[in-house]
Amino acid sequence: RRLRIVLRHVFQEAREIRSRLPLANLPLSVSALATRRLADLLHNSNPADAVVIIGSGPMSRAAAEYIAKWDARIVIVNRTLSKVQEQADRLGARTLTFDEFISEPVRAGSVRAIVTATSRPDAFLTKEFLEGFAQKGIVLVDMAVPPDVESAAAQMPGVRLVNMESLRSELLINRARREEAAREADAMIGDALFRTEAGLAAGLSGSSLREIQENVRTKSRAHLAHLLEDRLRH
């Protein structure tokens with residue numbers, strides 16, 4: 001019975017705290033932030049167009065998982081298909097080898113975005129390679145270090161580029177806001193613990209009740225002293 005009382009209060013307080021803190025809107029993951037930016041840029045685009053994801057690393061895999069939630073047509077490109085085939089099958093995505101996509105990009109069909117996060121040392125998405133895509137308009141999300149997209153490509157008409165440089169400032173802002181939210185959460189959790197213990201005391205009797213009541217009284221005095229101190233300081 002005590003456990004039911006405690007858990008009920010814990011879940012109620014947790015929901016309240018989460019509803020008051022903006023953590024869900026402050027991602028610290030590069031792939032989460034990049035795909036969110038991609039979703040904004042692809043608003044009202046043709047769902048029949050494909051999103052090409054290049055690479056088999058953690059960021060490429062995470063991006064594929066996020067994008068699959070949009071019911072988008074996905075083409076996963078990698079040098080070794082066996083590394084991405086299981087995820088592709090699970091997400092209902094097509095696969096192409098890296099050489100197939102670079103030599104014959106038309107094999108991916110109509111493409112509205114390319115997401116890339118490889119470990120290659122060269123910028124293989126060159127201005128010349130992207131000319132055909134730029135005519136229709138394309139969004140490039142480059143999460144690679146060093147970049148996979150040639151710097152000159154960002155200046156091409158019809159190309160919109162999201163890269164690590166443009167994401168870094170937003171990540172720093174999100175981190176600062178999360179730290180601020182954590183400080184707010186500390187105060188909220190202290191108040192929530194007080195209410196939870198008070199609720200538990202109301203539902204118990206005997207020695208347990210006396211012990212918890214004493215704890216509640218002690219914390220009540222401390223809470224009151226803190227409030228008075230703040231009031232007097234102001």
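Trainee: By about how many helical turns are F129 and F133 separated in helix α6?

Mentor: This is a predicted model, in which local features need pLDDT of at least 70, side-chain atom pairs count only at pLDDT 80 or more, and totals for chains, interfaces and linings use all residues. Residues are numbered from 1 along each chain as its sequence is written, and side-chain values use heavy atoms, without hydrogens and water. Helix α6 covers residues 127-136, a helix being a DSSP run of H or I with at least four residues, numbered from the N terminus. Because F129 and F133 are four residues apart in it, their separation is about one helical turn.

Trainee: Is F133 buried or exposed?

Mentor: Buried means under 20% relative accessible area, exposed over 50%, and partly exposed in between (1.4 Å probe, protein chains only). F129, with 14%, is buried. F133 has a relative accessible area of 10% and is therefore buried.

Trainee: What is the order of the strands in the open sheet?

Mentor: Strands are DSSP runs of E with at least two residues, and two of them pair if DSSP finds at least two bridges between them. Six strands form the open sheet, with parallel pairing, in the order β3-β2-β1-β4-β5-β6.
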